[in-house]
Amino acid sequence: MFTIRTLNNIASVGLAKLPKKHFTIDDTTATPDGIILRSFDMHNLELNDNLLAVARAGAGTNNVPIEKCSHMGIPVFNAPGGNANAVKELVLASLFISSRRIVAGSKWVQSIAASETLDKEIEAGKKNFVGPEILGKTLGVIGLGAIGVLVANAALDLGMDVVGYDPFLSLESAWHLSPSVEKADSMEDVVAKSDYITLHIPLSDKTRHTYNDDLFTKTKPGARLLNFARGGLVDTTALLAALEKGTIARYVTDFPEKEILGHENIIVTPHLGASTPESEENCAIMAAEALRDYLYFGNVKNSVNFPNCTIPYNGKPRIAVSHRNKVNMIGQLAAVFTKYSINIDKLVNNSKGELAYNIIVCDSLPENEDDFIRDLYAISNVIKVRLLK
Ligand SMILES: NC(=O)c1ccc[n+]([C@@H]2O[C@H](COP(=O)([O-])OP(=O)(O)OC[C@H]3O[C@@H](n4cnc5c(N)ncnc54)[C@H](O)[C@@H]3O)[C@@H](O)[C@H]2O)c1
Ligand SMILES: O=C(O)CC[C@@H](O)C(=O)O
């Protein structure tokens, strides 16, 4: 039986992927085998020693202590692309909202009292809410992953020119990105030529304050900046100065901060990017399935810190071993199997950065399983050993 702690509301169709026969869902336990979460900040949460896996029902994992998890041999899963369409749709809405003064105009209409002269007042006042069309304008897309590619392609369909930047473009993205998207060599190149700029990169120590004074200086004056990725990507002090100077005409973001609330040229939504039933369900299903397959079989798919590693279940016992990515690890593991006269049926070893992971399917298990496990743990650089029967 596995105990799963939920740290946020997770769509029930996702939790249904964890059969009651083998899983207990408990949102209070301090000793879960697995955690499923959305935006809960796990950085200050103590990780129990028996925790086996964390699954983020969403894309961004900056709320999860990845390094600490890797150190403890805990894979962190996410749901790549599971909410990309929802974010794309909100970004498209925001392109229009950043351009046409829909929010300010609507607020103004709500604020004027209904009177005999309403029609006249409206016709006289609407000149304050003029905004340009997006047709023929240039959209700069920074980050061409699951969301960036969808946004870039959709903007072309709306008649925009699109310039994109992603120095780590994946094969998957390259397959889906329209050839009409101009590939820029740098972020500076993108912001210098774009009337609208949209950010779709993860937040990390490397990308924090990507949009800073320097980049604002290089931005085409009057550009509109959309941020549906993470608040920390934009340096708020530099942003407020850029709005003051007119470098940025409008900022639309999904990430409220007290410094930006109430600003006439900032429109803020309450982290709504993935808030559609479709996305919540997709992501919950992807996260729950990844967690289930890891807990049952040791299989790894869609992990941000562990390599993909899967062996279809064939009824035989398996040992899952994570270790630091050093030389002669397989030789040392195999020697322990030899010592206990265990024949290896199948073995997959993959690595990701400093971490490597193995699934070893065997024909039998030794009589003394505890000694066998202890011998595997005794190999230097082994992090975690799981015996799955
Ligand atoms: N508002 C929301 O509710 C919401 C929903 C989903 C995702 N997000 C955010 O959006 C981000 C992107 O989501 P995604 O699903 O497209 O992720 P993704 O992993 O598919 O794409 C991210 C892309 O950014 C690129 N990248 C990384 N660093 C870069 C850099 N310095 N310059 C340019 N490109 C860089 C990567 O190569 C990758 O292609 C997530 O990390 C998350 O923070 C927000
Ligand atoms: O779960 C959510 O509502 C937001 C998810 C989003 O920020 C993500 O990174 O996928």
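The report below takes the basis of the model, then the ligands, then the sheet.

## Basis of the model

This is a predicted model, in which local features need pLDDT of at least 70 and side-chain atom pairs count only at pLDDT 80 or more, while totals for chains, interfaces and linings use all residues. Residues are numbered from 1 along each chain as its sequence is written, and chains are lettered from A and ligands numbered from 1 in the order in which they are written.

## Surroundings of the ligands

Among the 32 residues around ligand 1, those that come nearest are Gly 60, Gly 143, Gly 145, Phe 168 and Gly 273, where a residue counts as near if its C-beta atom, placed from the backbone, lies within 6 Å. Helix H3 (84-99) and helix H6 (146-157) are the elements that give two or more residues to this shell, and H6 supplies the largest share, three residues; helices are DSSP runs (H or I) of at least four residues, and strands (E) of at least two, numbered from the N terminus.

Ligand 2 is surrounded by residues including Arg 38, Asn 83 and Ser 275.

## The sheet and its helices

Seven strands form an open, parallel sheet in the order E8-E7-E6-E9-E10-E11-E12, two strands being paired if DSSP finds at least two bridges between them. Strand E8 (182-183) and strand E12 (266-268) stand at the edges, each with a single partner strand, so one side of each is left without a neighbour in the sheet.

Strand E10 (residues 223-227) runs parallel to strand E11 (residues 248-253) and is joined to it by five bridges, with Arg 224 having Arg 250 in E11 as its bridge partner.
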